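Q: I am new to this structure and would like to go through it step by step. Could we look at it together?
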Amino acid sequence: MKRLLSLLLLLLSLTTTAQKNYLAESKSDKDARMDWWRDATFGMFIHWGAYAVPAGIYKEKPVNGIGEWIMHNSNIPIPEYEEFVKQFNPKDFNAKQWVSIAKNAGMKYIVITSKHHDGFCLWDSKITNYDIMDFSPYKKDILKELSDACKEAGIKMCFYHSIMDWHQPDAESKKSYTHQNTTNPDFAKYRENYLKPQLAELIQKYDPAVIWFDGEWIPEWTEEQGKDLYNFLRNLKPDIIVNNRVGKGRQGMNGMNKYQDAAGDFGTPEQEILEGTSNLDWESCMTINDTWGYKLNDNKWKSSKVLIDNLIDIAAKGGNYLLNVGPTAAGIIPEESVERLEDMGEWLKINGEAVYATNSLKQYKEGNNIKFTTSKSGKFVYAIVTAKSSDSIGITSVVPVEGSKVYMLGSKKPLKWFTDNGKTVFVLPKKLPGEFAWTIKIPVVQ
């Protein structure tokens with residue numbers, strides 16, 4: 001019956017929407033579709049699933065590697081891993097609280113793992129029983145709760161979805177990422193009767209703004225399949241945004257496209273930031289500690305200063321920052337993450353004007369401690385000072401409009417400024433607004 005329902009769902013999606021080749025989208029149409037995402041700049045990544053139950057420990061021993069890969073790294077058989085799913089009962093999960101943490105941090109969208117490589121689904125899927133409602137004791141649709149909370153808070157809801165699947169016998173990979181030893185796996189069957197129908201279900205039930213793929217590196221997946229899937233999704237929801245991991249175009253961890261016509265709307269640098277600006281849209285996904293999914297023994301937390309500097313660097317280079325949290329099996333975002341996100345939110349309350357809805361400049365920095373963004377109108381350049389060694393800042397590449405008033409964000413008193421040997425010198429106030437970094441808003445000639 002579930003197989004029949006999945007086929008009917010797929011046929012319905014294909015017949016009710018006029019098929020169109022969205023790979024031939026015009027630049028103006030893409031710009032309009034990408035506008036909110038480019039302006040958002042800062043989002044929350046959430047890796048959460050049954051892997052939070054072992055939390056990086058298997059048979060009482062710590063497991064090397066990132067938390068969500070424990071099934072693969074420890075060679076855990078499917079029946080044994082399913083026992084973790086049966087223990088996944090996040091009674092402390094509070095969707096509104098999670099969304100509030102993201103909103104208070106200044107994040108504009110959330111990307112959560114609808115299904116990671118282990119195949120366990122965080123929504124009430126009609127395509128499989130291996131989901132939060134049918135296989136775990138929790139019996140609540142997590143994606144529904146989060147989608148409702150996001151809509152109420154004005155946050156965009158987005159889904160990560162793994163192309164590979166360690167639980168599905170037809171998705172068995174030639175690279176042995178799974179441990180099923182299926183006799184005759186049929187990847188095309190998995191793709192058409194499982195992967196696509198589940199994605200159609202997610203779009204039709206929850207209306208996500210972005211689908212964020214991963215796992216495209218398996219040999220069974222091709223660029224042609226990626227382009228087909230991209231068109232499939234866009235025909236279901238024309239304004240949806242899809243990352244470049246839908247196909248095979250990603251260039252390693254750098255995440256940018258290997259070739260010009262690669263499928264997908266934006267590049268995905270992982271755990272790194274581009275060295276400079278790019279003509280392509282891009283988003284750096286990074287962790288707050290070392291791992292994505294919750295891992296009990298990972299205490300290598302980045303400081304608030306580092307995280308804010310990353311955000312400034314990414315914004316100055318024209319990218320987005322997708323910063324990850326890995327909640328516990330109980331449904332709690334670790335306090336170390338929350339504290340750092342609170343610091344980021346406080347900083348953005350003062351300096352957000354220099355981050356959101358801004359553009360990059362060709363010369364996006366000066367020295368090691370000044371990064372630039374520009375308002376979309378082009379009327380202002382924001383000089384973000386990440387460290388100061390004196391009571392003034394000298395800038396050579398940005399010149400204020402003659403006689404204009406220059407302010408530091410968070411301060412109502414104009415700064416004193418003057419030119420000296422081709423350099424504009426801004427005298428900083430004795431008490432700087434906030435901490436970590438400070439922004440000088442400079443009126444410029446358009």
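Q: Which residue in β9 does F42 stand opposite?
A: In this predicted model, F42 stands opposite Y321 in β9.

Q: How many bridges join β1 to β9, and do the two run parallel or antiparallel?
A: There are 5 bridges between β1 and strand β9, which covers residues 320-325, and the two run parallel.

Q: What about β1 and β4: how many bridges join them?
A: β1 and β4 are joined by 4 bridges and run parallel. Within that pairing, G43 stands opposite Y109 in β4.

Q: And which residue in β5 is the bridge partner of Y109?
A: The partner of Y109 in β5 is K156. The strands β4 and β5 (residues 156-162) pair in the parallel sense over 6 bridges. Between them, the chain passes from β4 through helix α6 (residues 142-153) to β5, and this β-α-β crossover is right-handed.

Q: Is β4 mostly covered or exposed?
A: Strand β4, residues 109-115, is mostly covered, with 7 of its 7 residues buried.

Q: What is the order of strands in the sheet of 7?
A: The order is β7-β6-β5-β4-β1-β9-β8, in an open sheet with parallel pairing. At its edges stand β7 (241-242) and β8 (283-287); each has a single partner strand, so one side of each has no neighbour in the sheet.

Q: Which helix lies across β1, β8 and β9?
A: That is helix α9, residues 304-316, which runs at about 150° to β9.

Q: Changing topic: where is S337, and is it buried or exposed?
A: S337 is in helix α10, residues 335-351. The residue S337 has a relative accessible area of 2%; because buried means under 20%, S337 counts as buried. Leaving aside neighbours within four places in sequence, S337 is in contact with I288, W301 and V325.

Q: What does L341 touch, leaving aside its neighbours within four places in sequence?
A: L341 is in contact with M44, I101, A105, M107, I288, L323 and V325.

Q: How many residues does the largest nonpolar core have?
A: The largest nonpolar core has 105 residues, and those with the most contacts inside it are Y81, L233, L341 and W347. Helix α7 (residues 187-206) supplies the largest share of this core, 9 residues. Another core, of 18 residues, lies apart from it and includes F372, V381, L428 and V444.

Q: There is also a sheet of 3 strands; which strands are at its edges?
A: The edge strands are β14 (392-395) and β16 (416-420), each pairing on one side only. The sheet is open, in the order β14-β17-β16, with antiparallel pairing. Its twist averages 20° from one strand to the next.

Q: How many bridges are there between β16 and β17?
A: β16 and strand β17 (residues 423-427) pair over 5 bridges in the antiparallel sense. In this pairing, W417 stands opposite F426 in β17.

Q: Last topic, confidence: what is the mean pLDDT of the protein chain?
A: The mean is 94, and 95% of the residues reach 70 or more.

Q: Which elements have the lowest and the highest mean pLDDT?
A: Helix α1 (residues 2-16) has the lowest, 51, and strand β1 (residues 42-46) the highest, 99. Over residues 13-17 the pLDDT is below 50, and this stretch has 7 contacts in the model beyond near neighbours in sequence.

Q: How should coordinates be read where pLDDT is low?
A: Where pLDDT is low, the predicted coordinates should not be read in detail.

Definitions and conventions: Residues numbered from 1 in each chain as written. Predicted model: local features only at pLDDT ≥ 70, side-chain atom pairs only at ≥ 80, totals over all residues. Heavy atoms only, no water. Core = buried A, V, L, I, M, F, W, Y, C linked by side-chain atoms within 4.5 Å. Buried < 20%, exposed > 50% of the residue type's maximum accessible area, 1.4 Å probe, protein only. Contact = heavy atoms within 4.5 Å. Pairing = 2+ DSSP bridges. Axes fitted to C-alpha atoms, helices over the stretch in contact; angles between N-to-C directions. pLDDT = per-residue confidence, 0-100. Right-handed = clockwise from strand over helix to strand, strands pointing away.
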